[in-house]
Amino acid sequence: MEAFRRIEVEKFVQKSVVFLQENFADWCADKEQEAIETFIHEIIGFGEQYEIRKQLNLQKLMHFKISYEFDIPLVEHLEAILSPVDTNESYRVKCFYKSLLNKELPVKREKSEEELDWWE
């Protein structure tokens, strides 16, 4: 069963590479295929945290990450949108997008003292 899952994930990764190259050519231009695949795997892992597993929703998250550059881990209000995993995943992704569109709400976390570089 796990081998079958890995095959399906790899098919999705390759399909998503094409999706990103076609829709985000500028973003992909300076990246090696391996870097793009790593990004896709990171989004898959991110989605799994919130029980987001539909391929379309994962590709939407890729789009949002590229377009809005939200931080992972998420800021509190975005975390609150994706966290109730008992709610429909497509609905949560839609609400997540609407929140990203709200320019008044942050998408980046404030760095803690430990995260700040000594020269900042």
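Leaving out residues up to four places away in sequence, Ser-16 touches Ile-40, Gln-59 and Met-62, where contact means heavy atoms within 4.5 Å. The model is a predicted one, in which local features need pLDDT of at least 70 and side-chain atom pairs count only at pLDDT 80 or more, while totals for chains, interfaces and linings use all residues. Residues are numbered from 1 along each chain as its sequence is written, and side-chain values use heavy atoms, with hydrogens and water left out.

- Ser-16 sits in helix H1, which covers residues 2–23; helices here are DSSP runs of H or I with at least four residues, numbered from the N terminus.
- Ser-16 counts as buried because its relative accessibility is 0%, given that buried means under 20% relative accessible area, exposed over 50% and partly exposed in between, with a 1.4 Å probe and protein chains only.
- Val-17 also belongs to helix H1, and with a relative accessible area of 2% it is likewise buried.
- When its neighbours within four places in sequence are set aside, Val-17 is in contact with Gln-33, Ile-36, Glu-37 and Ile-40.
- Between the C-alpha atoms of Val-17 and Cys-28 there are 9.1 Å, the two residues being eleven apart along the chain.

**Packing of H1 with H3**

- The axes of H1 and H3 come within 10 Å and cross at roughly 120°, where axes are lines fitted to C-alpha atoms, for helices over the stretch in contact, and angles run from 0 to 180 degrees between N-to-C directions.
- That angle makes H1 oblique to H3, since angles under 35 degrees count as roughly parallel, over 145 as roughly antiparallel, 65 to 115 as roughly perpendicular and the rest as oblique.
- The H1 and H3 crossing is right-handed, a term used if the near helix is turned clockwise from the far one by less than a right angle, whereas anticlockwise is left-handed.
- By class, the contact of H1 with H3 divides into nine nonpolar, five polar and four charged residues; Ala, Val, Leu, Ile, Met, Phe, Trp, Tyr, Cys and Pro count as nonpolar, Asp, Glu, Lys and Arg as charged, and the others, Gly among them, as polar.

**Packing of H3 with H4**

- Helix H3 (residues 33–49) and helix H4 (residues 55–68) pack at an angle of about 115°, and their axes are 10 Å apart.
- H3 is therefore roughly perpendicular to H4, and the crossing of this pair is right-handed.
- From H3, Phe-39, Ile-40, Ile-43, Ile-44, Phe-46 and Gly-47 meet Leu-58, Leu-61, Met-62, Lys-65 and Ile-66 of H4.
- The residues in this contact of H3 with H4 are nine nonpolar, one polar and one charged.

**Lys-54 and the cysteines**

- Lys-54 is placed in the loop between H3 and H4, and its 44% relative accessibility makes it partly exposed.
- Apart from neighbours within four places in sequence, Lys-54 is in contact with Glu-89 and Ser-90.
- The C-alpha atoms of Lys-54 and Phe-24, 30 residues apart along the chain, are separated by 20 Å.
- Cys-28 is buried at 7% relative accessibility, whereas Cys-95, with a relative accessible area of 22%, is partly exposed.
- The structure contains zero disulfides, a disulfide being a pair of cysteine sulfur atoms within 2.5 Å.

Key:
Helix = DSSP H or I, 4+ residues; strand = E, 2+ residues; numbered from the N terminus.
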